[in-house]
Amino acid sequence: TTGLIEADAVIIGAGPVGLFQVFELGLLEIKAHVIDSLAAVGGQCVELYPDKPIYDIPAVPSCTGQELTDNLLKQIAPFNPTFHLGQEVTVVERRDDGRFNVETSAGTRFVTKTIFIAAGVGSFQARTLKVDGIDAFDNSQLFYRVKDPALFEGKNLVICGGGDSALDWALNFVGKAESVVLLHRREDFRAAPASVAKMKALCDDYEMQLLIGQASGFEVDAAGKLNHLKVTALDGVTRRVPLDMLLVFYGLTPKLGPIADWGLDIERRQLKVQSTEKFETNVPGIFAVGDINTYPGKKKLILSGFHEAALAAFGAAPYIFPDKKIHMQYTTTSPKLHKVLGVE
Ligand code: FAD
């Protein structure tokens, strides 16, 4: 188990708003820890539209989702946030001393004075295979991501999906696995055309196989191990495909997940904030910013989230510095802000 991390501020979500929250807290000399269930920062901008230009960031006429994220990282660098990626926040609970216990799926534990929930549309999780009972094989013979490729070498693999992840892993395992079958529900692929062409060439050479159809059931051996997948083709015929391991890449879908269990006011999968002065939830010390929050007039835009992050930082400061009077200062002219920004 990891040691306990004592923090002033924990930010849940490393989307654009969570990242900018680091900046606004940093100006007030509050250091932040940032947690995200994804392995990369950037939230929807990186997960859903890394190469698409955004045109409504003030004073930035056009930048892609990835560029916005890279620039935010550059902007917050002086504040040296600690990132805890690839882990979902599962537990948030109030302690008797007024602080909060925060815990992640990876076992990282914090005690923090304030929490900023910048969780967007929720944490992105793998879309699961909808075949009754097949979840019994989760992480033994059924996988939604490849952590350790060695686990699949020498095995008979069925890989489901028609996007880049499915194609990339299928191509990767040809020659390393005993056999590779790619299963996709239609002839069209969402993957890079070069990968699709390579896959088809490998099929022509009998190095791998492509099946068009849907997984509709499975069979187990005497020991209860999954040994056949039933695949129903477009013509309605069901075939049995032998396998050792099943890999499914159906993309990611956001889930509100554990946030629903933290005693916060929720309205239509969004966190209600008490006021547009502080963006604090019904639990004092827990703030909600960006797409996850709701209030009269809310617009789910990045620029709204940036504004919310600024006011939430001021709203939270008294929990961290109860005796300090906090003044707003300009980054242009304030010697103090120049010092914290490292631009003296
Ligand atoms: P998100 O970007 O959703 O990030 C939230 C992060 O929190 C995610 O990374 C998630 O994994 C993480 N998370 C959630 N729950 C947990 C948990 N329990 N533990 C750990 N991590 C968690 N907006 C504009 O202003 N202009 C545009 O032009 C524009 N174009 C868009 C185009 C598309 C195709 C889409 C889908 C959206 C667009 N948006 C645009 C909306 C914009 O992307 C969102 O408003 C913005 O991403 C919200 O940022 P956020 O930081 O609040 O949340």
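The structure is a predicted model, and every value below is computed from it. The largest nonpolar core holds 38 residues, and helix 6 (302-320) supplies the largest share of it, eight residues. Elsewhere in the chain there is an open sheet of seven strands with mixed pairing, as well as an open sheet of three strands, whose pairing is also mixed.

**The largest nonpolar core**

- Within this core of 38 residues, the members that touch the most other members are Ile 11, Leu 25, Leu 68 and Phe 116.
- At least two core residues come from each of strand 1 (4-12), helix 1 (16-27), strand 2 (32-36), helix 3 (65-76), helix 6 (302-320) and helix 7 (335-341), and the largest share, eight residues, belongs to helix 6.
- Leu 68, when residues up to four places away in sequence are not counted, touches Pro 16, Cys 45, Ile 54, Ile 57, Cys 63 and Ile 302.

**Helix 3 and its buried face**

- Helix 3 is made of twelve residues, and the distance from its first C-alpha to its last is 17 Å, close to the 16 Å expected at 1.5 Å a residue.
- The buried residues of helix 3 include Leu 68, together with Gly 65, Thr 69, Leu 72 and Ile 76.
- Because the buried residues of helix 3 fall within an arc of 95° when seen down its axis, they line one face of the helix.
- Among the elements that cover these buried residues are helix 1, helix 2 (43-47), strand 3 (53-54), strand 4 (63-64), strand 5 (82-85) and helix 6.

- Strand 11 (residues 156-160) pairs with strand 12 (residues 179-184) in the parallel sense over five bridges, and Ile 159 has Leu 182 in strand 12 as its bridge partner.
- Strand 12 in turn pairs with strand 13 in the parallel sense, over four bridges, with Gln 209 in strand 13 as the bridge partner of Val 181.
- Strand 13 and strand 14 (residues 226-233), by contrast, pair in the antiparallel sense over seven bridges, and Glu 219 stands opposite His 228 in strand 14.
- The hairpin of strand 13 and strand 14 has five residues between the strands, and Gly 224 in this hairpin takes a positive phi near 85°.

**Helices beside the sheet**

- Helix 4 (residues 164-173) lies across strand 11, strand 12 and strand 16 (245-248), and runs at about 165° to strand 11.
- Helix 5 (residues 193-204) has twelve residues, which should span 16 Å at 1.5 Å a residue, and this agrees with the 17 Å between its end C-alpha atoms.
- In helix 5, the residues Ser 195, Val 196, Met 199, Leu 202 and Cys 203 are buried; they cover an arc of only 125° around the axis, so they lie on the same side of helix 5.
- Exposed residues on the other side of helix 5 are Pro 193, Ala 194, Lys 198 and Asp 204, whereas its buried residues pack against helix 4, strand 12 and strand 13 (209-220).
- Just after helix 5 comes Tyr 206, which takes a positive phi of about 60°.

- Strand 19 and strand 21 run parallel and are joined by two bridges, and the bridge partner of Leu 271 is Asn 293 in strand 21.
- Gly 285 lies in the loop between strand 19 (270-272) and strand 20 (286-288), and is buried, because its relative accessible area is 0%.
- Apart from neighbours within four places in sequence, Gly 285 is in contact with Phe 100, Lys 113, Thr 114, Ile 115, Glu 280 and Tyr 319.
- Gly 285 and Arg 95 are 190 residues apart along the chain, and their C-alpha atoms are separated by 12 Å.

Conventions:
Residues numbered from 1 in each chain as written. Predicted model: local features only at pLDDT ≥ 70, side-chain atom pairs only at ≥ 80, totals over all residues. Heavy atoms only, no water. Core = buried A, V, L, I, M, F, W, Y, C linked by side-chain atoms within 4.5 Å. Buried < 20%, exposed > 50% of the residue type's maximum accessible area, 1.4 Å probe, protein only. Contact = heavy atoms within 4.5 Å. Expected span 1.5 Å × (residues − 1). Arc of directions from axis to C-beta. Pairing = 2+ DSSP bridges. Axes fitted to C-alpha atoms, helices over the stretch in contact; angles between N-to-C directions.
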